[in-house]
Amino acid sequence: MATATVNGLSISYEIIGARGRPWVITPGGRYGKDAAGIRELAVALAGEGEQVLIWDRPNTGASDVSFDGVSESELQADALAGLLEHLGMAPAVIAGGSGGSRVSLLTAARHPRVAAGLAVWWVSGGVYGMMSIGVHYASGSFQAAWKDGMAAVAELPEWRESIERNPGNRGRILAQDRGGFLATMERWMAVYCPREGELVPGLPDAVARELAVPALVLRSGASDIHHRRETSETLAALLPNAVLREPPWPDTEWADRHTPEAAKEGLFARWPLLAPVLLKWSREALA
């Protein structure tokens, strides 16, 4: 397992492909680089001559946990920019889905020097989608800390993989001041409160309109309650150098991924289907 120290944090990563245009793939949720479909997409891109970075964001996989930053997504975006520069892979095509799309957008906006292109799908949006994300990411830890302190937070299932893969993370969680941690969780939840003029949490529309990097936005399914179709369409209209294209799966893909049978395969198991779409766009837009 390769690691790099970025912004004082140990970040776990893997580079697939010896040479070619640099890419980075970022999954959503608190999933790491070993989630089914992530490495497979990287291998598919590398097989066509690209060089692909997959990584564990802070608070995922084998990387360090951290509770700094205005938001968790900003923390991860800053870590990604630093990692790309540390590895000599900047500028890269920054690609990701769901929470990974948000991190990708914030990375390109906050650190434009590291972004050669931007490809995003499953962009979270809508009042329900935004509020449910804030609750999903932070409410469990908030409640555990409020009721029983930091030892209870360290026992939560959502932190199990981070502690198993990086045992020092237990100590990092236990070392948090309870009051400060509660304030952080509330701040991180508040980021997802819908705001006029901010389609993507932490990315004001005015900033998005100035984000001139070539971008690919894949249209979300009309059936997707968390990644609303109109969010993807509005984002494509906001970004000045974006194209909106159809994804390589049916409208019901997000819901289909949550059936008991598909859950065994993994949420991102069909991401390798994205490779031809991503490659076609990159060769048109970044030639």
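Is Asn 7 buried or exposed? In this predicted model, Asn 7 is exposed, with a relative accessible area of 57%. Asn 7 sits in the loop that joins strand S1 (2-6) to strand S2 (9-16). Its phi is positive, about 55 degrees, although Asn 7 is not a glycine. Most residues other than glycine have a negative phi, and most peptide bonds are trans.

Ser 98 also has a positive phi, near 55 degrees, and is likewise a residue other than glycine. Its setting is the loop between S5 and helix H3 (99-110). Ser 98 is buried, at a relative accessible area of 10%. That value counts as buried because the cut-off is under 20%.

A cis peptide bond runs from Ala 90 to Pro 91, with omega near 0 degrees. Pro 91 belongs to the loop between H2 and strand S5 (92-97).

The axes of H2 and H3 come within 8 Å and cross at roughly 60 degrees. The two helices are therefore oblique to each other. Their crossing is right-handed. From H2, the contact is made by Ser 73, Glu 74, Gln 76, Ala 77, Asp 78, Leu 80 and Ala 81. From H3, Arg 102, Val 103, Leu 106, Thr 107 and Arg 110 take part. By class, this contact has 5 nonpolar, 3 polar and 4 charged residues.

In soluble globular proteins, nonpolar side chains tend to be buried together. The largest nonpolar core here has 55 residues. Trp 55, Leu 84, Leu 118, Val 153 and Ile 173 have the most contacts inside this core. Helix H2 (residues 72-86) supplies its largest share, 7 residues. A second, separate core has 29 residues, among them Ile 16, Leu 216, Leu 278 and Leu 279.

Trp 55 has contacts beyond its sequence neighbours. Leaving aside residues up to four places away in sequence, Trp 55 touches Ile 11, Ser 12, Tyr 13, Val 24, Ile 25, Thr 26 and Lys 33, among others. Its partners also include Gln 76, Ala 79, Leu 80, Leu 83 and Val 103. Of these, Gln 76 and Leu 80 are also part of the H2 side of the contact with H3, and Val 103 is part of the H3 side.

Ser 232 lies in helix H10 (residues 229-238). With 0% relative accessibility, Ser 232 counts as buried. Apart from residues up to four places away in sequence, Ser 232 touches Val 217, Leu 218, Arg 219, Ser 220 and Leu 244.

Definitions and conventions:
Residues are numbered from 1 along each chain as its sequence is written. This is a predicted model: local features need pLDDT of at least 70, side-chain atom pairs count only at pLDDT 80 or more; totals for chains, interfaces and linings use all residues. Side-chain values use heavy atoms; hydrogens and water are left out. Helices (H or I, at least four residues) and strands (E, at least two) are DSSP runs, numbered from the N terminus. Buried means under 20% relative accessible area, exposed over 50%, partly exposed in between (1.4 Å probe, protein chains only). Contact means heavy atoms within 4.5 Å. A nonpolar core is a set of buried Ala, Val, Leu, Ile, Met, Phe, Trp, Tyr and Cys residues joined through side-chain atoms within 4.5 Å. Axes are lines fitted to C-alpha atoms, for helices over the stretch in contact, and angles run from 0 to 180 degrees between N-to-C directions. Angles under 35 degrees count as roughly parallel, over 145 as roughly antiparallel, 65 to 115 as roughly perpendicular and the rest as oblique. A crossing is left-handed if the near helix is turned anticlockwise from the far one by less than a right angle, and right-handed if clockwise. Ala, Val, Leu, Ile, Met, Phe, Trp, Tyr, Cys and Pro count as nonpolar, Asp, Glu, Lys and Arg as charged, and the others, Gly among them, as polar.
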